[in-house]
Amino acid sequence: MQRLIPTLRNDQVDEALISVINTLQICAKEISFRVGQGELAGVLGSTLSENIQGETQKKLDILSNQLLKEILLECQHVRAVASEEEEGIVLGNDNGKYLVAFDPLDGSSNIDINSMVGTIFSILPVPENNSGDVDMFLQPGRNQVAAGYILYGPSIMMAFTTGKGLRMFTLDQTVGEFLLTKKDITIEPETSEFAINMSNFRHWQEGMQLYVDDLLAGTSGPRTKNFNMRWVAAMVADVHRILCRGGLFAYPWDARSENKPYKLRLMYEGNPMAWLIEQAGGAAHSGEERILDIQPTDIHQRVGIILGAKHEVETCLGYLKGSQ
Ligand code: AHG
Ligand code: MN
Ligand code: MN
Ligand code: MN
């Protein structure tokens, strides 16, 4: 089985970018070790602090963030990093060519129940004539040069793209190497499985409510087929399932809070996952536009997300339009 770095060389990926991805796999091994030790390492549970998102931070959110930040900033090709857990960007090497945005631990409510979590990353080029501040990161997702995630599940997997399709690697714990285990991944345009937090039903727009009503109606409704529902409560695991066996994932607009009508973040969750899904032939939309075309105005901005099987995403968007 092929190792991760040689596959990148085969694709003629820029050596500096290979070095950043190599650094990310080192981080992945460090974090997966801590996650795997669980209770034994004393890293479960919450802290007393809140992040910039207004969420209580878990000990592993902070530890994973610290590891990623420290290890990535040692890489000479990293100009700066931005994280869900950091208020501002953190600068690295002045001559670095790349910016790395990351969600150090996605699905952190799963930590304490020994369920799946992951790390999501997005690599952007440093723009020419840049100011050297946060504005460097404010690029649409279509500018990404690499994006992916590491899933800490029963096995440790790293999935990423550099724009030449989507590949998945599995960590061989006996040799400490990520080995290529899945390539040419494609998502079927049709599906009969969806992932959404149904407890938010009453907060959604009417179009979203009608769409889900019709999914639930099964063979006796207008969709004339039965749909199955899955919800891991970790986007990284829900998206991984969709990449493996199809489906639709949505975290749409909701009216719970006027200031934060969306839950998921564009730079750390939306953009990297949208690119992976598009690379596999799926679609990723905010409800208003293609996620990868959104011009960010803030590194922590949130976004509606509807992604997965192309035709199912289109059907869902049709319901949203019908109610506008
Ligand atoms: P994070 O742990 O990085 O803050 O992200 C959590 C996100 C995402 O992983 C998941 O899809 C969603 O929150 C789960 O939300 P619910 O609380 O609505 O299940
Ligand atoms: Mn969080
Ligand atoms: Mn997350
Ligand atoms: Mn997180």
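This is a predicted model: local features need pLDDT of at least 70, side-chain atom pairs count only at pLDDT 80 or more; totals for chains, interfaces and linings use all residues.

Colleague: Which residues surround ligand 1?

Modeller: Some of the shell comes from Ala233, Ala234, Met235, Tyr251, Gly107, Ser108 and Asn197.

Colleague: Where does UniProt place the feature "binding site"?

Modeller: One of the positions, Glu84, sits in the loop between strand 3 (78-83) and strand 4 (90-91). The unreviewed UniProt entry puts the feature at Glu84, Asp103 and Leu105. These positions span 22 residues in sequence, but no two of their C-alpha atoms are more than 9.0 Å apart, so they gather at one spot.

Colleague: How do helix 4 and helix 7 cross, parallel, perpendicular or oblique?

Modeller: The axes of helix 4 (residues 206-216) and helix 7 (residues 310-322) come within 7 Å and cross at roughly 135 degrees. That angle is why helix 4 counts, relative to helix 7, as oblique.

Colleague: Is that crossing left-handed or right-handed, and which residues make the contact?

Modeller: Helix 4 passes helix 7 in a right-handed crossing. On the helix 4 side, the contact uses Gly207, Met208, Leu210 and Tyr211. Those residues meet Cys316, Tyr319, Leu320 and Gly322 of helix 7.

Colleague: What classes do the residues of that contact divide into?

Modeller: Both helices contribute, with Leu210 and Leu320 among the residues in contact. Sorted by class, the contact of helix 4 with helix 7 has six nonpolar, two polar and no charged residues.

Conventions:
Residues are numbered from 1 along each chain as its sequence is written. Chains are lettered from A and ligands numbered from 1 in the order in which they are written. Axes are lines fitted to C-alpha atoms, for helices over the stretch in contact, and angles run from 0 to 180 degrees between N-to-C directions. Helices (H or I, at least four residues) and strands (E, at least two) are DSSP runs, numbered from the N terminus. Angles under 35 degrees count as roughly parallel, over 145 as roughly antiparallel, 65 to 115 as roughly perpendicular and the rest as oblique. A crossing is left-handed if the near helix is turned anticlockwise from the far one by less than a right angle, and right-handed if clockwise. Two residues are in contact if their C-beta atoms, placed from the backbone, lie within 7 Å. Ala, Val, Leu, Ile, Met, Phe, Trp, Tyr, Cys and Pro count as nonpolar, Asp, Glu, Lys and Arg as charged, and the others, Gly among them, as polar. A residue is near a molecule or strand if its C-beta atom, placed from the backbone, lies within 6 Å of it. UniProt positions are given in the numbering used here, feature names are shortened, and annotations may be inferred rather than shown by experiment.
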